[in-house]
Amino acid sequence: MIQLKTYVDCTYLIQFLILFIMKEFILFLHPMLAVFGVITAVWAFVEVLNISEKNLKRINTAGILTAIFMVLTWITSGFWYITYYAADKALILKGPWSFAHNLLMESKEHVFFIILILSLLLPIVSIKNNLIENKSARTLVLAITTIIILGSLMLEGAGAVISFAVRMSLLGNGVVSQ
Amino acid sequence: MSTIIQTKPELDNITAGFGVASVIVIILNTILTIAKEMYPPLLAFMKNISIFGIKHHWLVHGLVILILFLLLGWYFSKKETIKKISGASLSKALIWTTIISSLGIVVFFLIEIFK
C-alpha cells in the first residue's frame with residue numbers, strides 16, 4: 001500500500017516537473033528561435049551586400065532558414081501564449097506594470113504577423129530571382145531583411161519588458177523578496 | 001577575378017505577386033486587429049472557431065492572415081501586369097506599410113489604455 005502511494009506521488013511529481021520544465025522551456029524557446037531568425041536575416045542581408053555567384057546558394061539557405069525559424073517562433077510562442085500566458089497576464093494586470101500587457105503584449109502579438117509574412121516572402125524573392133542580375137530584387141531583399149531584423153529586435157525588447165512586468169507584479173505583491 | 005553585376009529591373013511574377021499580397025495583408029492585419037477589439041461580436045466569433053480543438057482568437061487571426069497571404073499571392077502572381085512593379089517601389093511600399101501598420105496597432109492599444 002505504501003509502495004503504491006509512493007508510486008502515485010512520484011507520478012504526480014514527474015508530471016509536475018515535466019509541465020514545469022516544458023513551460024519554462026517553451027518560454028525560452030520562442031525568443032531563442034526568433035533570435036535565430038534574426039541572425040539568418042542578417043546573414044542574408046550581408047550576403048546580398050556582397051553578391052556574387054558564390055553566395056547565391058547561401059542567400060537562399062539564409063532566406064529559407066529565416067522563414068523556418070519565424071514559423072517555429074509562431075508555433076512555439078502561440079503554444080505558450082494560449083496554454084500558459086493567462087496566469088502571467090492576470091499577474092501583470094494586478095501589478096504596477098499593467099501596460100506591459102495592455103500595450104506591449106497586445107501590440108506584440110499582432111505586429112508579429114507582419115514579421116511572419118515578410119519572413120515567408122524573403123525566400124520567395126531570393127529563390128525566384130537571379131539576384132546577381134536583378135538589382136530590383138536585391139533592393140527588395142535588403143528592405144525585407146532590414147524590417148525583419150529591426151522589427152524582431154523591437155519585439156524581443158517588448159518581450160523582455162513583459163517578463164519583467166511579471167517580476168514587478170510578484171515583487172509588488174510580496175511573493176518574491178528583493 | 002571580378003564579378004560583373006548586371007541590371008535587370010523586372011521582378012519575377014511570383015515575387016511581385018506575393019510582394020503586393022504582403023503589402024495588402026499587412027494592412028489587413030492592422031484592420032482586423034482594430035476591428036476585433038472595437039466590435040466584440042467579431043472577437044466572440046473568432047474565439048468560437050475551433051482549430052485542432054483549440055479555440056483562440058489569436059490562432060484564428062494568424063491563420064486568416066496566412067491564408068490571405070497565400071491566396072492573394074497566388075492571385076496576383078497570375079496577373080501579367082504585376083511585373084511592372086519595380087523592386088524599389090515594392091520595397092518602399094513594404095517599409096511604409098510596416099511602419100504605419102505597426103504604429104497603427106501600437107497607437108490603437110495606447111488609446112485603449114486611456115479610455
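This is a predicted model: local features need pLDDT of at least 70, side-chain atom pairs count only at pLDDT 80 or more; totals for chains, interfaces and linings use all residues.
Within chain A, the axes of helix 2 (residues 56-83) and helix 4 (residues 99-128) come within 8 Å and cross at roughly 155°. Because angles over 145 degrees count as roughly antiparallel, helix 2 of chain A is described as roughly antiparallel to helix 4 of chain A. The crossing by which helix 2 of chain A passes helix 4 of chain A is left-handed. On the side of helix 2 of chain A, the contact is made by A:Ile59, A:Asn60, A:Gly63, A:Ile64, A:Thr66, A:Ala67, A:Met70, A:Trp74 and A:Tyr81. Helix 4 of chain A contributes A:Glu109, A:Ile115, A:Leu116, A:Ser119, A:Leu120, A:Leu122, A:Pro123, A:Ser126 and A:Ile127 to this contact. Sorted by class, the residues of the contact between these two helices comprise 12 nonpolar, five polar and one charged.

The largest nonpolar core of the model has 57 residues, and those with the most contacts inside it are A:Ile117, A:Leu118, A:Leu121, A:Val141 and A:Ile144. Two or more residues of this core come from each of helix 1 (2-49), helix 2, helix 3 (85-94), helix 4 and helix 5 (135-172) of chain A, and likewise from each of helix 1 (13-38), helix 3 (57-77) and helix 4 (87-113) of chain B. Helix 4 of chain A gives the most to the core, with 16 residues. When neighbours within four places in sequence are left aside, A:Leu121 is in contact with A:Ile144 as well as with B:Phe18, B:Gly19 and B:Ser22. In soluble globular proteins, nonpolar side chains tend to be buried together.

Between the two chains, 41 residues of chain B are in contact with 37 residues of chain A. The elements that give two or more residues to the side of chain B that touches chain A are helix 1, helix 3 and helix 4 of chain B, and helix 4 of chain B gives the most to that side, with 15 residues. By class, the residues on this side of chain B divide into 21 nonpolar, 16 polar and four charged.

Phi of B:Phe52 is near 50°, a positive value in a residue other than glycine. B:Phe52 counts as exposed, because it has 5 C-beta neighbours inside 10 Å, and a residue with 12 or fewer is placed in that class.

Terms used:
Residues are numbered from 1 along each chain as its sequence is written. Chains are lettered from A and ligands numbered from 1 in the order in which they are written. Axes are lines fitted to C-alpha atoms, for helices over the stretch in contact, and angles run from 0 to 180 degrees between N-to-C directions. Helices (H or I, at least four residues) and strands (E, at least two) are DSSP runs, numbered from the N terminus. Angles under 35 degrees count as roughly parallel, over 145 as roughly antiparallel, 65 to 115 as roughly perpendicular and the rest as oblique. A crossing is left-handed if the near helix is turned anticlockwise from the far one by less than a right angle, and right-handed if clockwise. Two residues are in contact if their C-beta atoms, placed from the backbone, lie within 7 Å. Ala, Val, Leu, Ile, Met, Phe, Trp, Tyr, Cys and Pro count as nonpolar, Asp, Glu, Lys and Arg as charged, and the others, Gly among them, as polar. A nonpolar core is a set of buried Ala, Val, Leu, Ile, Met, Phe, Trp, Tyr and Cys residues joined through C-beta atoms within 7 Å. A residue is buried if 20 or more other C-beta atoms lie within 10 Å of its own, exposed if 12 or fewer, and partly exposed in between; C-beta atoms are placed from the backbone.
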